[in-house]
Amino acid sequence: MTAGALEPREVAAPIRPVVRVYAPTEQRNPHSVDLDLMSTRDVLAVINEADRRAPAAVAAVLDEISEAVDLAVAALRGGQRVHYFGAGTSGRLGVLDAVELTPTFNSPRDWFCAHLAGGRDAMWQAVEDAEDDERVGAAESADCVQAGDLVVGLAASGRTPYVLGALAAARAKGASTVLVCADPHAKAADAVDVFIGVDTGPEVVTGSTRMKAGTAQKLVLNAFSTAVMVRLGRVYSNLMVDVVATNAKLRGRTISILVEATGCAEEVSRRVLDEAGGNLKTALVSLVSGAGIPAARAALARCGDQVRGALALLAS
């Protein structure tokens with residue numbers, strides 16, 4: 001080193017914020033404190049016993065889920081959209097629910113929009129600090145949410161800044177808001193129109209909300225989105241009459257649905273489905289009512305593509 005040269009100094013790492021979360025999902029489960037000492041079979045038994053709490057916890061919030069369904073139906077009937085905003089496991093489950101609706105119910109792709117903290121990359125790996133940025137959640141929400149939409153926040157702890165920022169911005173724009181979390185006493189409960197606090201309690205592995213908190217959220221989302229599709233007429237009886245037949249299995253399912261719904265023989269169902277250009281609802285209305293394909297198609301158009309409405313119209 002030359003005379004007068006400064007000696008190199010270590011640069012201190014930036015101080016990163018630390019937040020201690022006291023949600024129920026972060027507490028220790030007394031039934032699993034010796035988990036690492038148990039036999040494999042006993043580990044599985046403890047997990048299975050804890051998992052049983054999820055459906056019971058969801059059953060306790062059915063009234064709140066019903067309110068959320070009604071808000072979603074009103075939004076979609078009004079030409080608006082449903083948005084999921086979430087992070088981590090919660091956000092990924094929101095993405096999963098949204099993407100499965102189009103192939104199952106032939107719903108328009110923009111009816112349900114999933115937003116994940118950290119973007120697409122966060123679907124496959126953790127994106128550092130993404131969920132901690134309230135401003136990003138607010139900005140993403142403000143950019144895409146419109147008045148009349150429904151925004152559903154998904155956060156196991158009930159306090160994820162990205163999610164709460166999105167909900168606050170959505171409410172400011174005139175959208176309805178719902179929060180789904182695993183803390184029935186979350187402070188954010190008063191900041192949304194519908195609060196769904198599912199009491200799943202401490203996880204078997206402390207803080208691992210991919211377990212029963214995630215299981216309960218999956219149950220909530222399954223029930224929520226399916227009920228929305230039922231209310232919008234995309235189910236007839238208990239049959240998915242808007243299914244998109246994109247593979248051999250699903251093409252077979254459309255025939256099975258026609259046979260089940262109408263009592264007609266398979267060959268008759270196949271023939272009428274072909275005459276209807278593969279449109280399951282048109283074929284079903286034709287077979288049940290006895291009307292021709294053009295009349296069935298017209299009745300569905302007059303009734304907003306509702307099978308029961310079209311059948312009633314043709315019966316009258």
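Which residues does glutamate 131 touch, not counting residues up to four places away in sequence? In this predicted model, glutamate 131 touches Ala87, Ala117, Thr160, Pro161 and Tyr162, where contact means heavy atoms within 4.5 Å. Local features need pLDDT of at least 70 and side-chain atom pairs count only at pLDDT 80 or more, whereas totals for chains, interfaces and linings use all residues. Residues are numbered from 1 along each chain as its sequence is written, and side-chain values use heavy atoms, with hydrogens and water left out.

Glutamate 131 lies in the loop between strand S2 (112-116) and helix H5 (134-144), helices (H or I, at least four residues) and strands (E, at least two) being DSSP runs numbered from the N terminus. With a relative accessible area of 34%, glutamate 131 is partly exposed; buried means under 20%, exposed over 50% and partly exposed in between, with a 1.4 Å probe and protein chains only. In an unreviewed UniProt entry, the annotation "active site" covers Glu100 and Glu131. These two span 32 residues in sequence and their C-alpha atoms are 24.1 Å apart, so they do not gather at one spot. UniProt positions follow the numbering used here, feature names are shortened, and annotations may be inferred rather than shown by experiment. Glutamate 100 is found in helix H4 (residues 88-105) and, at 36% relative accessibility, counts as partly exposed.

The unreviewed UniProt entry also lists residues 72-234 as "domain: SIS". This span is 41% helix and 15% strand, and its end C-alpha atoms lie 14 Å apart.

Asparagine 29 is found in the segment before helix H1 (40-51) and, at 9% relative accessibility, counts as buried. A polar atom of the asparagine 29 side chain lies 2.9 Å from the backbone nitrogen of histidine 31, and the side chain of asparagine 29 also reaches the backbone oxygen of proline 202 at 3.3 Å. Not counting residues up to four places away in sequence, asparagine 29 touches Pro202, Glu203 and Val204.

H4 and S2 each supply at least two residues of the lining of the second largest pocket. Of the 15 residues that line this pocket, the closest to its centre are Val95, Ala98, Val99, Ala114 and Arg120. A pocket is an open set of points on a 1 Å grid over the protein atoms alone, where a 1.4 Å probe fits, with protein on both sides within 12 Å along at least five of seven lines, and lining residues have an atom within 4 Å of a point.

Notes:
Polar contact = N/O pair within 3.5 Å; in protein donor to acceptor, adjacent residues only side chain to side chain.
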